[in-house]
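Here's a quick briefing to read alongside the chain and its fold. Have a look at the structure first, then work through the notes by topic.

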Amino acid sequence: MGRQVSTEIVKTPLIWYKKASPLTAISLLSRTGLNQSNKHIMHSKKRILVTGGAGFLGSHLCGRLVAQGHDVICVDNFFTGSKENIAGLSDKNNFELMRHDVTFPLYVEVDEIYNLACPASPIHYQHDPVQTTKTSVHGAINMLGLAKRTGAKIFQASTSEVYGDPQVHPQTEDYWGHVNPIGQRSCYDEGKRCAETLFFDYHRQHQLRIKVARIFNTYGPNMHPNDGRVVSNFIMQALRNEPITIFGDGSQTRSFCYVDDLIDGIVMLMDTDDEVTGPINLGNPHEFTIRELAEKVIELTQSSSSLVLHPLPSDDPVQRQPNIGYAKSKLHWEPKIQLEEGLYKAIQYFKKML
Ligand SMILES: NC(=O)c1ccc[n+]([C@@H]2O[C@H](COP(=O)([O-])OP(=O)(O)OC[C@H]3O[C@@H](n4cnc5c(N)ncnc54)[C@H](O)[C@@H]3O)[C@@H](O)[C@H]2O)c1
């Protein structure tokens with residue numbers, strides 16, 4: 001692949017320059033010895049790979065990067081993602097969609113990789129737990145291998161689940177977690193933990209430029225309406241005036257980040273200096289009980305739903321709240337969108353799904 005590109009470049013250097021991303025263009029300049037004064041043609045446009053780009057977060061990230069003018073390659077196997085999520089991007093000439101499973105190697109020329117591929121909701125990641133672990137672990141190995149080969153900077157969408165059922169509250173990045181290695185959630189939690197290990201080993205051993213974010217509960221448009229995640233579940237049940245299912249007594253707490261805030265944080269992390277590797281918590285520290293969330297959803301949807309209590313699933317964490325002190329100091333980032341405003345936007349989206 002690399003050889004094919006340089007053949008094309010030698011034939012049409014100026015055309016390629018216009019399309020090229022800065023890193024590949026700089027390495028091209030040094031390889032071909034082309035006139036350095038042509039550098040003015042280069043700009044901050046990058047070629048960026050987003051794995052899991054047709055999913056909830058990935059589709060918002062692709063949208064943001066396309067709007068910034070980058071050349072975006074979205075890779076997805078459509079296990080939980082959908083073409084509808086990225087339909088608004090399909091006519092953009094700086095957006096490309098590739099059906100591919102990240103558990104298999106991929107060869108593309110890119111400057112940056114955002115590795116988001118992995119089902120995120122329990123019903124989806126427990127559907128085929130072996131594939132979930134493979135996606136996290138083999139996917140990480142394949143994407144890190146690609147980053148090593150191309151010299152790309154690489155971001156990993158890790159998760160608050162690496163903290164398991166935390167005994168430290170709120171969670172800081174130096175907390176090692178309290179995770180069951182053999183439970184039903186382990187395929188996700190341990191897969192993500194192993195992916196973090198791989199990222200830091202590639203960083204130490206091969207000097208890869210890595211960025212690892214531990215993402216806490218995020219919600220917003222493009223979430224799968226039936227994936228069992230608490231916000232989408234509650235909104236869909238409320239819109240249908242069905243009973244709202246609460247697992248446990250509803251006193252367990254979660255913090256919910258609106259997707260636009262999270263995407264800000266992800267892109268800001270990618271843009272930090274190379275010494276900033278993370279892991280870095282990204283989420284909204286404002287904590288609510290599950291019962292409070294249900295009541296807020298009922299109020300905003302003007303629903304007649306009642307609350308129904310069900311037993312807690314195994315290993316369900318009691319409390320989850322990010323300490324975002326590190327994100328604040330390193331990225332100057334913190335969420336801006338309040339729960340009510342974010343829920344309102346999400347409700348408008350889910351209304352169209354009915
Ligand atoms: N949304 C959250 O609250 C949250 C919280 C913590 C971490 N994360 C992480 O962020 C990432 C995105 O989460 P999301 O909420 O958008 O989930 P999602 O399920 O909507 O998106 C995941 C995407 O990855 C794709 N995918 C799954 N397996 C794949 C494979 N083997 N090859 C290629 N594509 C594959 C899916 O089709 C989907 O488009 C995940 O890695 C998840 O673990 C999300």
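Strand E2 (residues 71-76) is largely enclosed by the rest of the structure, because six of its six residues are buried. Keep in mind that this is a predicted model. The protein chain has 354 residues, and 44% of them count as buried. Its secondary structure comes to 12 helices and 13 strands. Taking contacts between residues at least 6 apart in sequence, 79% join residues at least 24 apart.

- Strand E1 (residues 47-51) runs parallel to E2, and the pairing takes in five bridges. Within it, Val50 sits opposite Cys74 of E2.
- E2 also pairs with strand E3 (residues 95-99), again in the parallel sense and over five bridges. Here Ile73 has Glu96 of E3 as its bridge partner.

**Helix H9 and the residue that touches it**

- H9 covers residues 259-270, which makes 12 residues. From first C-alpha to last it reaches 17 Å, close to the 16 Å expected at 1.5 Å a residue.
- An α-helix has 3.6 residues a turn, so residues three or four places apart point the same way.
- The buried residues in H9 are Val259, Asp261, Leu262, Gly265, Ile266, Leu269 and Met270.
- Leu331, found in helix H11 (residues 325-331), touches Gly265, Met268, Leu269 and Thr272, not counting residues up to four places away in sequence. Two of those names, Gly265 and Leu269, also turn up among the buried residues of H9.
- Is Leu331 buried or exposed? Leu331 counts as buried because it has 21 C-beta neighbours inside 10 Å, and the cut-off for buried is 20 or more.
- Leu331 and Ile280 are 51 residues apart along the chain, with their C-alpha atoms separated by 9.8 Å.

**Two cis prolines**

- His169 and Pro170 are joined by a cis peptide bond, with omega at about -10°. Pro170 is in the loop between strand E5 (153-159) and helix H7 (186-206), and His169 lies in that loop too.
- His169 is partly exposed, because 15 other C-beta atoms lie within 10 Å.
- Leaving aside neighbours within four places in sequence, His169 is in contact with Gln319 and Gln321. The C-alpha atoms of His169 and Asn323 are separated by 8.3 Å, although the two residues are 154 apart along the chain.
- The peptide bond from Gly278 to Pro279 is cis as well, with omega near 0°. Pro279 lies in the loop between H9 and strand E11 (280-282).

**Positive phi without a glycine**

- Asn222 isn't a glycine, yet it has a positive phi of about 80°. You'll find Asn222 in the loop between strand E7 (218-219) and helix H8 (230-239).
- With 20 C-beta neighbours inside 10 Å, Asn222 counts as buried.
- Gln302 isn't a glycine either, and its phi is positive at about 50°. Gln302 is in the loop between helix H10 (290-301) and strand E13 (307-310).
- Gln302 is exposed, because it has 9 other C-beta atoms within 10 Å.

Note on methods. Residues are numbered from 1 along each chain as its sequence is written. This is a predicted model: local features need pLDDT of at least 70, side-chain atom pairs count only at pLDDT 80 or more; totals for chains, interfaces and linings use all residues. Helices (H or I, at least four residues) and strands (E, at least two) are DSSP runs, numbered from the N terminus. A residue is buried if 20 or more other C-beta atoms lie within 10 Å of its own, exposed if 12 or fewer, and partly exposed in between; C-beta atoms are placed from the backbone. Two residues are in contact if their C-beta atoms, placed from the backbone, lie within 7 Å. The expected span of a helix is 1.5 Å times one less than its number of residues. Two strands pair if DSSP finds at least two bridges between them.
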